[in-house]
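Reader: I would like to go through the interface in this model. Could we begin with how a contact is defined?

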Protein chains: 2
Amino acid sequence: MGRMLALAGYPLDMRFRFFDPAPDAPAGQIAEHVAGRYNDFAALESFARGVDTITYEFENVPVEAARFLDERVRVFPPPAALSVSQDRLAEKNAFKAQGIPTAPYEAVDTWEGLLEAIERMGLPTVLKTRRMGYDGKGQVVLRSMEDAKGALESLGRQPLILEGFVPFSRELSIISVRDRDGKTAFYPLVENHHREGILRLSLAPAPNLSADLQAEAEGYASKMLESLQYVGVLAIELFEVEGRLLANEMAPRVHNSGHWTIEGAETSQFENHLRAITGLPLGSTAPVGCSAMINIIGEMPEPAKVLAVPGAHLHLYGKAPRRGRKLGHITLRANEVQTLRANMKVLGVSRTTDALCDK
Amino acid sequence: MGRMLALAGYPLDMRFRFFDPAPDAPAGQIAEHVAGRYNDFAALESFARGVDTITYEFENVPVEAARFLDERVRVFPPPAALSVSQDRLAEKNAFKAQGIPTAPYEAVDTWEGLLEAIERMGLPTVLKTRRMGYDGKGQVVLRSMEDAKGALESLGRQPLILEGFVPFSRELSIISVRDRDGKTAFYPLVENHHREGILRLSLAPAPNLSADLQAEAEGYASKMLESLQYVGVLAIELFEVEGRLLANEMAPRVHNSGHWTIEGAETSQFENHLRAITGLPLGSTAPVGCSAMINIIGEMPEPAKVLAVPGAHLHLYGKAPRRGRKLGHITLRANEVQTLRANMKVLGVSRTTDALCDK
């Protein structure tokens, strides 16, 4: 994602320097790259020298590193947001404090605690690690008390959270952005489809998106942006349950479910993030036609086949193929929903909905 | 323009190396840069080593350099196209050979020759150097015989061409592209407005664009693409005279009047040029709404003011300001012509036409 930030910033005459522990970080192919550990404060110090603004696009950056940098150079989004997002319990509490509904949840640290929580919440439930979970890792669905025992063992001795299983009709997300003057903007809600815990497909704008649902999502995002005195792009993942929204989690960064904005919106999430953190005015978040974003996971498609599909935009991240790894994405964009649907079929994406992108 | 090519190619996982005599070439900010003279064949040789495909985005690259490289690595567009475009006489002859109408023209090398040509062609006419003219340099309008004497002296002892003055109603251009399999695609005609010989504003698609006019332009572009066995983007500048087109000149490269395609078309001219020369299928050239491209010349606008205009996209080239220098461009894009017109006014672009972008 650092690459996509840089590609959005170069036309604005911005320069980029990346800090990434991996010596072969893809961002290094197109910008200056400092390889260092997040706890190497000397490396962080020299990285920060001569830089105007620092941001991050990975929510497991240690908060200590972000705070250390923030004492030297402005870091946006604020490290406090990073801290909240790294702990599922703090995150849910932050939603709750703003009156934003979530699934029921409880912190769980022991077997006894787990039993009591299950008693209160009923089954099924989901047991998750409070920290370092992503792409479906660090979580187990509990359908029986036997599942519970196994889950506690497999997740290990670490702080956990038990979340009520929500009978949601679909998963949505909202990409929001707040600038340094406190102005905000919101992209239309996106419908997300996961498999094996990994985002596979986003439809934007979300099919059958009502003004009420959009307003509800924007209201929740506004509260989080304000309460965190946030600057930059904030993504919130939501469940739709009987026409209402529950907040699931947030990501204090540009987000995979916002990649469609490169072609599918007037201003991309990457450009708006950069505008926000550098003190420039936000750009229009209006969609341009409708889009389907398809992640490329594990193995590379034949580029010529993808590019032969009208309205297909290929984004490769410069990573070596590996099972389960996000190697890139394809955004299909069209002015008409019929065209989009036809092109999704050509690409072998079978999911279609009746009212995709219709307004 | 090299920068914009690289920015279009990175998402396709392409890597770039630039050859530019200027040690501070803007492309060097975002890619590997080899500084060398075009006649330094050792530098060209080492530049070409390890590269798959070579292209150019400046038509005054010496043809010898292009041919030297072409013996080592595929160079697209073919150096023959470069050669034709560098000589206004060869260019006009190439149009003529394909049955493409142009203004009347004659090669002129002496005072006597000039007098005879003026006698045949009448006044006013335009006297131009055959080589190295760009942005209105190297040409003089002749309204009287006195002008003629002065023009011949000021343009100096070099091959010249006298062109009949065409009472055109407007200047248009067509951006075309041909891939390695011979498939072609065409963007809609663009209306161009120059001042002091420099392109200031392009409107895309051209206002009041009829299917007939578009077909005429595509026919001419096709003939040039075929006859030159062209690969890549070719721009042809045209005059509209009483509803018909005359070819004025061609540029064997991505073109300033195609910059609007970054936001205003499904696939940008930069990406289509790269797709063409690397053997990938061409992308859709359909416009997305309507666009106005405004060049930033000589001095830099306040970025925050530009970006505050909805649908404004700022592209800075990383160049130091200098009188008459193209420092960047702004593309205004909108779904509706009314919106575009309103936003042009906000940006201080007074030129409006009644039917801008209407289909």
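Author: Contact means heavy atoms within 4.5 Å. The model is predicted, with local features needing pLDDT of at least 70, side-chain atom pairs counting only at pLDDT 80 or more, and totals for chains, interfaces and linings using all residues. Residues are numbered from 1 along each chain as its sequence is written, and side-chain values use heavy atoms, without hydrogens and water.

Reader: How many residues does the contact take from chain B and from chain A?

Author: Chain B gives 28 residues and chain A gives 28 residues.

Reader: What area do chain B and chain A bury between them?

Author: About 2700 Å² is buried between chain B and chain A, with 57% of it on carbon and sulfur atoms. Buried area is the accessible area (1.4 Å probe) that two parts lose on being put together, summed over both. Pro11(B), Glu266(B) and Leu307(B) supply 21% of the area that chain B buries against chain A, more than any other three residues.

Reader: And how many salt bridges are there between chain B and chain A?

Author: There are two salt bridges (a side-chain nitrogen of Lys or Arg within 4 Å of a carboxyl oxygen of Asp or Glu) between chain B and chain A. Glu266(A) and Arg333(B) form a salt bridge through their side chains, at 2.7 Å from N to O.

Reader: Changing topic, which domains does chain A have?

Author: The assignment, which is automatic or from a database, gives domain 1 (2-85), domain 2 (104-164) and domain 3 (170-347) of chain A. The C-alpha centres of domain 2 and domain 3 of chain A are 29 Å apart.

Note on methods: Chains lettered and ligands numbered in written order.
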